[in-house]
Structures are given as C-alpha cells and as structure tokens.
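Open your viewer and get ready to click along with this short tour.

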Amino acid sequence: MAADNLPTEFDVVILGTGLSESVIAAACARVGQRVLHVDRRSYYAANWASFTFNGLLSWIDDNKQGGQSPEEVLDWSGKVESGEDILPLSTMDTSISNLEVFCYTSEEPEEDEEEKKEDATPISTLSPAPQSEGEEGNQATSPTDNRRNHEGETTLDILSESPPEQQDQEECAPLAEDQQILSSDGEPQGEEQLSGSAPTQAKKKKISYTKIVKEGRRFNIDLVSKLMYSRGLLVDLLIKSNVSRYAEFKNVSRILTYRQGKVEQVPCSRADVFGSKELTVVEKRMLMKFLTFCLDYEQHPEEYQDFTERSFWEFLQNNMLTENLQHFVLHSIAMVPRETHTEEGLRSTQHFLRSLGRYGNTPFLFPIYGLGEIPQCFCRMCAVFGGIYCLRHSVQCLVLDKESGRCKAVIDTCGQRISCSHFVVEDGYIREEQRKGVEHKHISRAVLITDGLLLQSESEQQISLVTVPPLEPGAPAVRLVELCSSTMTCMPGTYLVHLTCPSSGSAREDLQPVVSRLFTKPASAGEEGDGSDERPAVLWAVYFNMRDSTAADRSGYDLPGNVHVCSGPDAALGSDHSIRLAQEVFRQLAPHEEFCPPAPNPEDIVYDGDGGQGEGAGFSEAAQAEEGAAEEAEESKEKEASQESSPVEVGEMPDPPPAPLAEE
Amino acid sequence: MQFSIYIIAECNMKLMTRDDKSLLYNVGGKEGVLDEEVLLLTQQLLSSNPDFATLWNYRREILLHLETVRSEDEIQRLYEEELSFLEACLKVNPKSYGSWHHRGWVSTRLPRPDWARELSLCERCLSLDDRNFHCWDYRRMVVRVSGVPVDQELQFTDRLIGSNFSNYSSWHYRSTLLPLLHPGSPEAASPQREPPTSSLLKEYELVQNAFFTDPNDQSAWFYYRWLLGRGVCVCVCVCVCVWGFSTNSEVILRCGYRNALYYKSLTHLHKICDLPPGTISDTSNEHNLTVHWTERHTHRDCALYTGRSESWCRDSATDLELFRSELSVEKSSVLQSELQSCTQLLELEPQNKWCLLTIILLMRALDPLGYEKETLAYFQTLKEVDSMRTSYYSDLCSKFMIENTILKMEYAEVRVFSLCEKNLSTLCHLDQLLLVTHINLSSNQLLGLPPQFAMLQCLEVLQADDNAIENLEGVYHLSKLEEVSLRNNNITQLSDLKILTTCPRLARLDLRGNPITQIANIQSQLAELLPSITELLL
C-alpha cells in the first residue's frame, strides 16, 4: 500500500465516493485543482454502489456486524501545532439499518458442498438446472474474484472475503424464522427441497440459491435504485462533461402501475397512447390533451390558477380525466402523493414529459452494469485529470485553525497530516456531536431476485418502472424498478426488482405488503400445475433502511466553513438533488471556474505534457456531445433489439489514469 | 463509350476539396476506361459526395463490362463489395438519391441476391428515420422482387405505425396493401374493392386511435379519407343532346366521370359533329339517332320527335349517384358510426379543422340536404379556425351548395335554374346544367365565369347581377345566348367583353354599375364590338 506515501498538500480532500462527492472530484480535477479522493470502504460509490451477489452478501455481513466497535478517541496532539484544534470524524457507518434477508428458493447446502468436493462428478439428482462444468471450474479456481473484467481500476474491489459456503450457512438462521412468517402453509423446508428435486417438467427452470451464488458475478445489485431522467441534470452533466463515454445506457422499456389488483402498462408517450388497448378513444384524447397542456403549463395559467391552493388530485378530477387516467397521471407520471399542490404536480408531470422521446418511448435511462457505474465514471474522469484515489483509506480527523475556525488540514488513516484548503465529506462521516441540528429521514429499500416479469410481454428483456400507489391511506407509494438480464445486473432467467419508498417504519414493514401482492413464493410440489397464479416468484430478498440526509440543511452541521457536507442518496427517482448539491459545493470551491466543461477525447490527452495541454484541444461542441450520447443510446437500443445478453464493454477506457495510489 | 465527366465536374466542383478535384482529373484522364482502377477512383469520389449521378453511371458501365469478362463468382463478389460500399455511402447520407438508386440496380444484378439482408438494411434505416422515403421506395422494390407476402408487409406497417403514427409512408403503404390483401369482387360493375367488414372496421379503429391521440396529425386524417372513399373514376355517358337550327343540326354528347376524384370536376363536353345540312330537313318525321362510344363500348339513343327542333337523352340521375363522389363507402351504417365518432371528437376538440372537414364530408355522404344547415355552420367555424384556407372552404362550400340546389331540382330536365344568394365563390357541376336555358347567379361572390361555363350550351338568359365578376371566360360560343345581365359587377375594360363576340345571338346586355361604364365613348365602342346587341344598358 502506497497510502502512507501520499503528497502532503492538496487543494481539495474528498472523503466518500458517492455521486455528489465524485462529481465534485471530477469537476475540481477538471479545472486543475489537486484532488485527493478517499473512501474508507473497499469499493467505490458508497451507498450508490452496485454489488455482485456475493459482494452484496459480504456487504450485508459488514452492515449486520456494524456498530460493535465504539468510536475511538485517539490523541492527535502530536500532529497539531499551537493554535490548532482537532475535530474527529466518525469511524463507522450507521446509514444502513433493519437489514433482513430472506431466501425462498431451495438452498441445497449439502449439494453445494458435494459439488465443491467432487467437481467432475456432480450428483445431479438434486440439481434442478444443468450446469456446465466449465462454469464450475471457473468458480472453483477463482471463487472470490468477482470483479468485472472491464474494470480498469484495480482499486475497485468489492469481492467478498469469505467463501460462498460460509455465507450460506450464515443466511440459514434468518431464513428459518422468516419462512414461518411468510409461508402461510408452513411447509417444512425438507419438502420444499424435495419439490425442487422432483423431476416435474415445470415450465420455468427452477433457480436454486446455489445457482444464484454460482452465477453471483452476473449480478450488479444497486444499493440505491434510481433511474436517469433523459433530460435530468445527471444526463445533461454526463453529456456536457463527456463522462458519458465511460458508460452505456439502456432505455427503460415500459412504465407499469398497480391498479385494481393488476399490473398494467401506463400509456405515457404518444405511441403508447396510440397503441393502448385499454383506453377508449375519448380517454386517449383526454389524456393527450392533458399531457400536452402539462408540457407547457406555465403558458396557460388560466387553466390551473383556481387550483393553486388545492391539491393536484383535485385538479385532475376537475379536468374530465376518468378514474384510470387520474391514476396514471398522479401515480405514474407525476409520481406524487395525492395531497401535492397543483403546481408541484404539474411541474413533476412536465419533468417526466420533457424527458420523453429523447432516447425512446419512456423518459428514463438505466446505466448498464448498474447505477454504481455513474459515480465511478466521474471518479475515472477525476483520475484522468490527475486526481489521486485511495480506497480503504479514510480521514480520522480535521485540523482546525483556532483563530479562523477553518479546516487547515486533515489527518488520514496512517496518521499523516495532509493540508488542504477545502474538505468535502459524505454525511456519514460526521460525528453525532457535529450534526445535532440535523434531522434525518430514511429510505426503505428491498431488493428481490425473481423468476419472471411482473407483466408478461413479447420480449423477456424489459426494464420496467412500476409505480404502486399507497395500498392503504397513509402508507407510502412504492416504486419498483424491474431489471432484466440484458442490463447486466442479474443472471439470465432472473429479474432484479428494486423497491423504494420513503420510510414510515422498517423497510420490511413498509415494503412487505407490496411484495406479497405482486409476487409469490416459488411453487412447491403441491401447488404445481395450478397455473392460476401468474405472479413471478421471489427467489431471494433483502430489506434494509438507508439514511436519507438530503433534507439536512448545511447550517444544521456544526462544522468549519470550508468543510462541505454531501448527503447520501435520497428517495427520489432522479438524481437531480445530488447533482445540484455537487454544483453548489463546486461553486463555493471554485467560484470562477466552469462546472465540468467538456473533456477532450482520451487520445488527445497528453499525460506527461508538463501542463502543456491546450485548453481547447479536442473540445467538441456541446451539440456533438449530445449526438454522441444519442448514438450511445441508439447503440444500446440496438443491442436491446437484438437481445444480446453478452457483457458489453463499458465505454472505451483511456490509457491508465495517473493513479499512483492504486493498490497492487 | 465516352463520358463527359469534365462537364459535370464543373458543376460539382464547388462541393469538392482539392484532393477530390485531383482525383476527378484522374478519373477524367481515364475516360472510357472500364477497369477496376476507375472503380476505385470513383469510389473515393462518391464516398465524399454520393449524389454524383454521372459517377454512378460510370460505375454501372464498368460493372456491366466486367460482367461480360468475369466468372459468376467474381461478379458476385464484386457486387457484394459494391453493396458494402453503398452501405458506407448511406451512412454518410441516408437520403441520397444516387446511392439508393444504385443499390436497387446492384441488387437486381447480383447473381445470388440476399434479399433478407436488404430487408434488414431497410429495417435498420427505418428505425433510424421512419420517414425516409428513399428507403421506403427501395424497400418496396425489394419486397416486390423477393415476394414478401402481403400480410407480412401489413404487419410491418402495423409495427411502424405503432412506433410513430405520424408517418405518411406507412399509412400510404397500408393503403396499397389492403386492396391486395382483399381483392374485391371480379365483376366490373363494382370496381371498388371493399375489404371484408371486419378488417375494414379494424382499420377504422386503428386510424381513429391515431386521430383521437393526435387530432392535428394530418397523415392519419388522409388515410381516413382514403378509407372512407376510394372511388375509382368511371367515365360514363350522361347525356346526349341534339338540336337543329334551320340550317344545320348538331349532336352534342356530354359525358361525365362518375365518382370523380375529390373536388375535381373532371367533366368533358364533346361536340360530336354537325350533321350535314339536310340530314334532318324533314321535321315532320321522327328521327332516331344513336351515339356509339367505342372506347367504352356504350351507346346512347336519342329520338328527335316530330315537330321538335331539339332533343336530349339524359340519365335519370338519382341524387345518390350524382355527387357522392368523395366518400364511397357503400354501407351508410359505417358512415353513420364514423360520423358519431367524429362528432365525439369535435366535442373534445371544437377547433380541430380536420375533424370539422371530415364531419362535413361524412354529412354530405349521408344526407346532403338534411345536414345542409349543420354543414354551413361547420364551414363557418372552419373558416374561423383555419383562416389561411378561407377561400378553399368557400369554394368547397359553393360546390356543396350547387350540388344541393341541383339535388333539389324536381326533375333533371329543369330548364330554369337559380343559384341566387348562395354565397358562391366558384361555379362547378356545370355539366349537370347542360339543358338549362335560364340561369340566375345573382348576389354571390363570383369573380368570374369559368371556362366550364361554356357547357351550358342551351343557355338563353344569363343573370349574374351583384357579384364581383371580372372576367367572362366561360361565355364562349354559347350559340343560343340572347340576354346577359351583369349589373353591379367588376367589369372594367372593353377587352373583358370581347369574348361575347363568340355568342352570335346576344341581343341584350346590362352593364349598369360596372366600372366600365365610366369609360368615355363606351357606348359607341361597345356598339362597334358587339353589333348584334340591340338593347344595351349602361
């Protein structure tokens, strides 16, 4: 580790690799500031990260054990000169809580072990799915190497320390009790296993837990579930800064909603409305008319001025929209609660509509390989422009100047003093004493691995956004994002479903009712052949709450003026908040510099050019950049069309970035 | 074979870089050479400007030449290379006439064509721009040659319309496929090809979805109009008219095109012949004349009865056949339900011009007289919401008003016809008025009497007071015309009246209230111009 050999002076030290921090890092490095970007975690993107299945299991482990070590108070007086103060940072992450894991598919731990021992002669009586020996061999030789091939940065390491078998056993404990809670029939586990081994010709091949673990590298499970509005700040920034070249995207293919006990498609684009079989022609007209109005509602204040003090819901009712159209607009297009004010509802609707048609028939993009790619792309950008990266490395405390009250330097994990003029830090690193004035909300999250689409369609490869309105008054509206294997976030034959809502209780309390309505458990022998239940089965699920500190006001923190706090992810669907925050912080850091100007093409960058790099070199106009992004989206669509499921290289990687601290 | 590369090159020179120019001179230097080196040179030029027709022609000459000297496999390879070169050209400019045309040519020359590949190329191209008509054209060619089944093509249009229905090309293609898919009954009497009702209803549903979703999109409305009426022009002989004067007799045959295309009065008036003097000298006997129309294999009989100097034979035109030209769907129940849907749409979109216009057409097809009041009101709204086309709507409205007046005639042989105060801006259907002797066009907004007016061969009295008539073009060779009243019009010059000299029997002319009356000496000038006039009012 070269982390004890860091330079001792930086313009900006950034702690935490979440989206806002990464964007700030990229923006600062881009305008020539010396950036040190560190994260105590072993992976990038903090709570924005995406994990392989095994990576997620070890993340779960870490977070379950979290909090056992009390905050240490070390004596830093040796590092401090007179007239200086110490402000320690938190050493543990408390942002994740109420973690619960459920496994509904047969675990077959014995079989797993047998397979490990006798690689060449699998005892396949219990194995429902045929497995290629090549895969097994691969698994055996490098069970812990779950890094994706395309990852250029060696520091990105989200591998699990413990072998998969161990985790299986650990997961057994919660499973047993949960099955009692969840399975009404209370079938003993043994029978379920038998059913898994029964040679029935089920339509779907059953996917066992072992299989999921074995194929774990095919998963990229996001901790936070968001989509990118095609005309949101994030997409604009990706295009403007040329960071988009580091990633590929797919269009969300459909918007669904849960209405009257059924999952149905929401007609939101012109083509959807035209093609909808559910709407009458009059409804089509009414909906189109309303949506057209929303697109530039500001131009027609007379339409809604009577409703400025009333709710959007009332406004919709007053607009001759039938009940189902009201549902679509309120829950799936505006995605706001009923009591939202009319103007806010209109603004949300407009935001949705403006993003339509830029890249496809829905307003959303999803980054292939998961959302965790996005902060990493910005980190890569920062590294390309000289930013120094160091994972598993943290800042232990800040050195404050007593007189000015500003942060002069930081002291890192190795006890080294590093001076800086600005310090940017993720909210999670701030100790309780400094955040007394800050109130937190929480996000309830669930991640499910399922075996089928919520709404069948011609293609099995669908990326769907599903809005579930409050199931009962007072309950939160829940948002589901269903990802298919072509997004490179789950193994073929499975779907990854993310549920998100603002917390009112624990994640399971909030989300379990929705899960049990939309999904079923894998069929056991007795239920087989019934076929009446078309709902997909949940194979595996995890629930957790994540802290949402976005509502916190900067003034709530008791921190020096040159320490900037970045909140973690919020519950919203888009990432606008984080980008706006990054922009604000950057403006304080470098008031006169442009925020993320277009980066030159990688081949135009001269690394050892001794600062001789011309500012204008390789700059493309914004329009071209936009074209480029459109092309990319186009490409991704083509891939979708051809249903290509092989992994796609993410962007072209520039020559190795100057990251002297990359671990070896 | 010589090529005039230089001449063409001059014109295109501006588009080219210096490198291209030097290349061009190389090509020029090799005039008449048909080898692969020239292929390469032209390729370089065309890749920078694929719309250079002469170079494509040159390439074709070379390829044709090579065909004669190479083996089939080599030819196949050569043409395949050509196709991939064309693909590169299309990437540069997907709307290049030259590239698409050349591709079509190469595809047909290819010894072993791969049509599936061509179809997928079109697919790709249309997914990038679903309105690229070059690609549509090429695709139709590929489909024709490779024999893709019609129903499969219909599904293809389904898909493209599904992804974006603002696409004339898809709708149009559909309109060519449907008749193929549902060929009509073979009897010649019914040339209309009606698809079975179920699939027809499906089409109505599809297009309704489109115009309810976006009523301002024209493409769907045009397709809808096509669906409602796809009448074929039928030329029929409507009327034969014979009259004799003391010296000679004439036979006039008028034939009209039934189911004429929308708003175009395709009517022909044929004066067949003057019967030789003396043919019908004996008016005390009955004469039977037969007119044979060989082209159409029809004939008409006309009897000139004893003691009469004229006779005619005319279709007993029922109102159904007369004007129902635009919307030819036979089942009025379909029309009725379509009218209901459109009225429903109009309630939601009272300002939509397409909807208004379609309603008017539907109403006319259903019951032109019964809906007259509504039609007039809708025309008024139309003129307000689409002020750019006021004149168009006025003309259309005039047409309908004339039709209604004709329909109101009790029998076809009415000879006194009045179109007063109908707000007419234009005259049409004059073919229906061949036998009229007295016509009254007073108090309208006419600017002139169109050439077709000359069809009123029996006209004796023309009244057209209180209009804005400037020209009298149509008052031409009206051999029976005796009296013309043009009070309060806009006739300014003597030359405007010159055409009246072709009407030998004109005796009374009323020009009061026209600017021409201000001209000094006008009376004597008129007397000089039109000596036959005995009663002139100025």
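In which loop of chain A is Met335(A) found? Select Met335(A), and you land in the loop between helix 13 (323–334) and helix 14 (342–355) of chain A. Helices (H or I, at least four residues) and strands (E, at least two) are DSSP runs, numbered from the N terminus.

A word before moving on: this is a predicted model, where local features need pLDDT of at least 70, side-chain atom pairs count only at pLDDT 80 or more, and totals for chains, interfaces and linings use all residues. Residues are numbered from 1 along each chain as its sequence is written, chains are lettered from A and ligands numbered from 1 in the order in which they are written, and side-chain values use heavy atoms, leaving out hydrogens and water.

Stay on Met335(A) and look at the backbone: phi is positive, about 55 degrees, although this residue is not a glycine. Most residues other than glycine have a negative phi. Met335(A) counts as partly exposed, at 24% relative accessibility (buried is under 20% relative accessible area, exposed over 50%, partly exposed in between, with a 1.4 Å probe and protein chains only).

Next, select Glu421(B), in the loop between strand 7 (416–418) and strand 8 (438–440) of chain B. Glu421(B) is another non-glycine with a positive phi, about 50 degrees. Its relative accessible area is 65%, so it is exposed.

Of the 538 residues in chain B, 51% are buried.
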